[in-house]
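Dear colleague,

I am handing over the structure below. My notes on it follow directly after.

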Amino acid sequence: MLCRPTITGLENVPTSGGFIVASNHLSFLDSVLIQGIFPRPVSFFAKAEYFTQPGVRGRGMRFFFESFGSVPVDRDKQSGAVEALFGLTSIIRAGHGVGIYPEGTRSRDGRLYRGKNGVGWLALATGAPVIPVGLRGTQRLQPPDKNTIRPASFEMHVGAPLQFEHLGERHPLPVRRDATAQIMDAIAGLSGQERVETYNSRPTDPSLTEGADG
């Protein structure tokens, strides 16, 4: 109510069955905004340490992320990321929605980076429709290097579903890359961001990594 967001395309969200939300990533709050605004629940990755911290604060964080259906992932281990992707397939096959940020981490300069192939793998492995999302201005709510949140206008544009062939978990890499490229093109059309043909990377300064990147 305070931010008065501009939201378009929610009619593109399937009314039943599993689906994949693929979005650009500008703010720690992006997952919460998508989960709060979408007409159906969406499960996102969340850093594993959010589920394991001790004390009252740790229990509160775990309750918060579990209440949104977040999937814990150890981002420092390749095997953890792979296991998390398989976890998302189970959610999709159960008829629910999952969310993924193909860039892998938040954009700190506002540009749209090259998508990693996990989103293409997920689409081809499950055959679920991919719902592209373009977020604009969410970094004003909470900049990547800040802990404070402030009201600000933002936009969420939900695109038409992208449907890919259901090839199962084992499929050729070129097909996966092509699916990922199509998804990133759709996100770019909705977000209006400048494109970058390199992968994004997380900052090395621990003070800049407190948010939940997907």
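Of the protein's 214 residues, 50% count as buried, that is, under 20% relative accessible area with a 1.4 Å probe, protein chains only. The model is predicted: local features need pLDDT of at least 70, side-chain atom pairs count only at pLDDT 80 or more, and totals for chains, interfaces and linings use all residues. Residues are numbered from 1 along each chain as its sequence is written, and side-chain values use heavy atoms, leaving out hydrogens and water.

Among contacts (heavy atoms within 4.5 Å) with a separation of 6 or more, 78% join residues 24 or more positions apart.

There are five helices and eight strands, taken as DSSP runs (helices H or I, at least four residues; strands E, at least two) and numbered from the N terminus. Their order along the sequence is β-β-α-β-β-α-β-α-β-α-β-β-α.

Six strands form an open sheet with mixed pairing, in the order β1-β8-β7-β2-β6-β3; pairing requires at least two DSSP bridges between two strands. β1 (6–8) and β3 (42–43) are at the edges with a single partner strand each, so one side of each has no neighbour in the sheet. β3 pairs with β6 (residues 97–100) in the parallel sense over two bridges. Val-42 has Gly-97 in β6 as its bridge partner.

Helix α5 (residues 173–191) packs on the sheet and touches β2, β7 and β8 (155–158), its direction making about 35° with that of β7. Such angles, from 0 to 180 degrees, are between N-to-C directions of axes fitted to C-alpha atoms, for helices over the stretch in contact.

Regards
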